[in-house]
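Subject: Structure for you to look at

Hi,

Here is the structure I promised to pass on. Have it open while you read, and my notes on what turned up in it follow below.

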Amino acid sequence: MINCAGPEADRVAASAGLRLPMTCVPGLLIVTDRVPVRLRQVVRPPGPSFRPDGGGRVAILTAWTPEGSPDEITPAPSLSPPPEAGAVLAEAVRFLPALAVARVEAARLGVRPMPLDGYPMIGPHPDLPGFYVVVTHSGITLGPVLGPLVAAEVMTGRPEPVLAPYRVERLLGSGQP
């Protein structure tokens with residue numbers, strides 16, 4: 001079994017009697033209307049990061065954090081943009097001037113899985129043979145890289161050396177909850 005259930009990965013693991021040292025982090029994206037820009041990757045300048053969102057739109061990650069526990073946050077794929085959306089867009093314009101003509105079209109509230117040390121958690125769980133874990137807060141950007149690596153490990157049974165720093169046991173054996 002490959003557990004790649006995102007924010008629910010710890011609950012999937014718990015159903016098998018396992019522990020995954022992770023939490024969830026809410027994030028609010030604001031999404032622009034179509035803009036004349038050829039953005040092909042995530043951009044992480046000081047301030048809000050942004051990425052292409054398809055159809056000529058750009059998604060910008062805000063610093064806004066909702067009140068309450070992440071376990072109580074319900075993802076919402078379509079929200080009215082918050083009042084501070086214009087200021088967030090203006091800050092992104094500093095790093096991508098083509099956004100100066102953009103309008104905020106929508107907002108999305110998501111919940112991202114976060115291993116406790118902030119780095120991906122990838123590989124077989126040491127306490128249950130056949131239970132493979134893939135948890136990362138940056139799945140949208142790492143997915144194209146991790147997919148073939150995980151597939152190779154699972155299909156061949158041979159560890160991929162590049163994944164060695166991200167093994168589950170690094171968090172299980174470090175005394176973290």
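One term before we start: a contact means heavy atoms within 4.5 Å. With that in hand, look at H125, which touches L18, R19, L20, F131, V133, V168 and L172, leaving aside residues up to four places away in sequence. H125 sits in the loop between β7 and β8. Is H125 buried or exposed? H125 counts as buried because its relative accessibility is 3%, and the cut-offs are under 20% relative accessible area for buried, over 50% for exposed and partly exposed in between, using a 1.4 Å probe and protein chains only.

Two bits of housekeeping. This is a predicted model, where local features need pLDDT of at least 70 and side-chain atom pairs count only at pLDDT 80 or more, while totals for chains, interfaces and linings use all residues. Residues are numbered from 1 along each chain as its sequence is written, and side-chain values use heavy atoms, with hydrogens and water left out.

**The overall picture**

The protein has four helices and eight strands; these are DSSP runs, numbered from the N terminus, with helices being H or I over at least four residues and strands being E over at least two. The C-alpha atoms fill a box of roughly 55 × 35 × 25 Å along the principal axes. There are 177 residues in the protein, and 38% of them count as buried. If you take the contacts with a separation of 6 or more, 67% are between residues 24 or more positions apart.

**The three-stranded sheet**

Next, an open sheet of three strands, with mixed pairing and the order β1-β8-β7. Its edge strands, β1 (2–3) and β7 (121–124), each pair on one side only. Two strands count as paired if DSSP finds at least two bridges between them. β1 and β8 (residues 132–135) run parallel and are joined by two bridges; I2 has Y132 as its bridge partner in β8. β7 and β8 run antiparallel, with four bridges, and M121 stands opposite V135 of β8.

Now follow the side chains of β8. In a regular strand, side chains alternate between the two faces of the sheet. Here Y132 and V134 point one way from β8, V133 and V135 point the other way, and all are buried.

Helix α3 (residues 139–156) lies across β1, β7 and β8, and it runs at about 170° to β8. For angles like this, axes are lines fitted to C-alpha atoms, for helices over the stretch in contact, and the angle between N-to-C directions can run from 0 to 180 degrees. P148 is part of helix α3, and it counts as exposed because its relative accessibility is 53%.

**The five-stranded sheet**

There is also an open sheet of five strands, antiparallel, in the order β3-β4-β2-β6-β5. β3 and β5 (76–79) are the edge strands, each pairing on one side only. On average, neighbouring strands here are turned by 30° against each other, direction ignored. β5 and β6 pair in the antiparallel sense over two bridges, and A76 stands opposite L109 in β6. Helix α2 (residues 85–93) lies across β2, β3, β4 and β6, at about 85° to β2.

**The largest pocket**

A pocket is found on a 1 Å grid over the protein atoms alone: it is an open set of points with protein on both sides within 12 Å along at least five of seven lines, and lining residues have an atom within 4 Å of a point. The largest one has a volume of about 700 Å³, where volume is the space filled by probe spheres set on the points, and points are joined across faces, edges and corners. It is lined by 21 residues, and the closest to its centre are R51, R112, H137, S138 and I140. Which element gives the largest share of the lining? That is β6, with six residues.

Happy browsing!

Key:
1 Å grid on protein atoms, 1.4 Å probe; cavity = no way out; pocket = protein on both sides within 12 Å on 5 of 7 lines; lining within 4 Å.
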